[in-house]
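Hi everyone, thanks for coming.

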Amino acid sequence: MENNPDFLSASYWDERYDRKQTGWDIGDASTPLKEYIDQLTDKAIRILIPGAGNAYEARYLSEKGFTDITVLDISAVVISQLQAQLGDKHPAIKLVTGDFFDHAGNYDLILEQTFFCALDPVLRQKYVTKMHSLLSGNGKLVGLLFNRDFEQSPPFGGNTGEYRQLFSPIFRMIRLEPCYNSIPERAGNELFLMAQK
């Protein structure tokens, strides 16, 4: 994919979903996030998944009995597709069309899955600040970050040093380490992030 100044716009992502140009979509919840979710015991925590796309993690959470899941995406196309697919089968999932940076809420857990890497790196500081503001007092940001660079973007990559420098001023870094349970296509290229407000 070529660099495109419009890739932050809703119309850019609407077009990608319309044309099914979704190379980042692995067709299921990612293994590292599934295994993390499986360890959670409080099913009533408030969870946000920004830039959720086809929302596989949200579906997995719902199937596991979690009751307060918000899916946020800038693309009205993908949210409409999700409404059609989910119907009333997953009442715990609230679907929201909107810009992450304009979103208001208070969450105990925010899951990161291929959202950070879709944003222009100039927005990374803004992302960290916004994440911090959306979390409850001891809320956690948990997810996957690419541990590599890309010739064409998005996705935008990075490395452990960059991420530590970015997150650690306002987050307590619980974990930032290579994933041992990535899907084969991403093995060796992902970091597992757990940061607490």
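One term before we start: buried means under 20% relative accessible area, exposed means over 50%, and partly exposed is in between, using a 1.4 Å probe and protein chains only. This is a predicted model, where local features need pLDDT of at least 70, side-chain atom pairs count only at pLDDT 80 or more, and totals for chains, interfaces and linings use all residues. Residues are numbered from 1 along each chain as its sequence is written, and side-chain values use heavy atoms, with hydrogens and water left out.

Okay, the rings. Phe, Tyr and Trp (its six-membered ring) pair if their centres lie within 6.5 Å; planes under 30 degrees apart are stacked, over 60 edge-to-face, the rest tilted. We have 11 aromatic pairs here.

Take Y36 and F192: their centres are 6.2 Å apart and the planes sit at 50°, so that's a tilted pair. Both are buried, Y36 with a relative accessible area of 9% and F192 at 5%.

Now, F116 and Y127. Here the centres are 4.9 Å apart with planes at 75°, so we call this pair edge-to-face. F116 is buried, with a relative accessible area of 2%, and Y127 is buried too, at 0%.

And which residues form one aromatic cluster? That's F100, F101, F115, F116, Y127, Y163, F167 and F171.

Last one: K126 lies over the face of F101, 4.7 Å from the ring centre. For that, NZ of Lys or CZ of Arg has to be within 6 Å of the ring centre and within 35 degrees of the ring normal.
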